[in-house]
Amino acid sequence: MKKVLVAIADGIEDLEAIGIIDMLDRAGAKVVTASVDHLQIVASHNTKITADKLIKDCLNEEYDMVICPGGLPGAEHLRDSKDLVKILHKQKKTGKYYAAICASPYVVLYENGLLDGLEATAYPTFAEKFTNKNKISEAVVVDGNCITGQGAGVVMQFSLKLIEILFGLEKANQIKQSMLIR
């Protein structure tokens, strides 16, 4: 079973967090939600989400993928978590997958040196700040073990790419068909 960590914090984008969690769960991943602050967070549009654990309790665990939803100020809270940044650097160093969408590719990954030499995308106002702008207009970008997405409007496409990477194209297509995604 693939084990996936979804990092959450007050102010994250509701649709991104919930969409990613839901779709990966449908694919059969063991999804662990971990908050950088406290177990219950309030997302950017007032959805209350209760984390499975705190991020500090994930430091010694192994994950097939670690994902950062976007939204502000959620992405800033993720960026400022030394424990989450340590986990993300471990993923990069060991060749395991790490992913971010919306503001998080820039705010969390770029600002913490996790996109050095990689192509990526993000929400347009953040993507413009990248030094490498080759793929900033793409909805989803995969470069090595890093996956980035533009924002809430592409959360299903982003999640399907995560499923394809973890479980294969057949599983991604199965989830796509079952959810009537065109």
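Which residues does isoleucine 67 touch, not counting residues up to four places away in sequence? They are Val4, Leu5, Val6, Ala7, Ile20, Leu24, Ala99, Phe158 and Leu162, where contact means heavy atoms within 4.5 Å. The model is predicted, so local features need pLDDT of at least 70 and side-chain atom pairs count only at pLDDT 80 or more, while totals for chains, interfaces and linings use all residues. Residues are numbered from 1 along each chain as its sequence is written, and side-chain values use heavy atoms, with hydrogens and water left out.

Ile67 belongs to the largest nonpolar core, which has 66 residues; Ile67 and Leu24 touch the most other members. A nonpolar core is a set of buried Ala, Val, Leu, Ile, Met, Phe, Trp, Tyr and Cys residues joined through side-chain atoms within 4.5 Å. Helix α6 (residues 155–167) gives the largest share of this core, six residues. Helices (H or I, at least four residues) and strands (E, at least two) are DSSP runs, numbered from the N terminus. In soluble globular proteins, nonpolar side chains tend to be buried together.

Helix α6 also holds leucine 160. Leucine 160 counts as buried because its relative accessible area is 10%; buried means under 20%, exposed over 50%, and partly exposed in between (1.4 Å probe, protein chains only). Leaving aside neighbours within four places in sequence, leucine 160 is in contact with Met23, Ala172, Ile175, Lys176 and Ile181.

On a 1 Å grid over the protein atoms alone, a pocket is an open set of points with protein on both sides within 12 Å along at least five of seven lines, a cavity is a set where a 1.4 Å probe fits but cannot get out, and lining residues have an atom within 4 Å of a point. The volume of the largest pocket is about 170 Å³. Five of its lining residues come from α6, the largest share, and α7 (169–178) also supplies at least two. By class, the lining has six nonpolar, two polar and four charged residues.

The structure holds one cavity of 30 Å³ or more. The largest cavity has a volume of about 40 Å³ and is lined by Cys58, Leu59, Glu61, Tyr63, Ile87, Lys90 and Gln91.

Glutamine 150 sits in the loop between β9 (146–149) and α6. At 18% relative accessibility, glutamine 150 is buried. A polar atom of its side chain lies 3.1 Å from the backbone oxygen of isoleucine 136. Beyond four places in sequence, the contacts of glutamine 150 include Ile101, Cys102, Thr121 and Tyr123.

Some backbone details remain. Leucine 72 and proline 73 are joined by a cis peptide bond, with omega about 10°; proline 73 is in the loop between β6 (65–68) and α2 (74–79). Asparagine 46, which is not a glycine, has a positive phi of about 70°. Asparagine 46 lies in the loop between β3 (40–42) and β4 (48–50) and is exposed at 60% relative accessibility. Leucine 180, also not a glycine, has a positive phi of about 60°. Leucine 180 is placed in the segment after α7 and is exposed at 61% relative accessibility.

Note on methods: Grid points are joined across faces, edges and corners, and a volume is the space filled by probe spheres set on the points. Ala, Val, Leu, Ile, Met, Phe, Trp, Tyr, Cys and Pro count as nonpolar, Asp, Glu, Lys and Arg as charged, and the others, Gly among them, as polar. A polar contact is a pair of N or O atoms within 3.5 Å; within protein, one must be able to donate a hydrogen and the other to accept it, and residues adjacent in sequence count only if both atoms are side-chain atoms.
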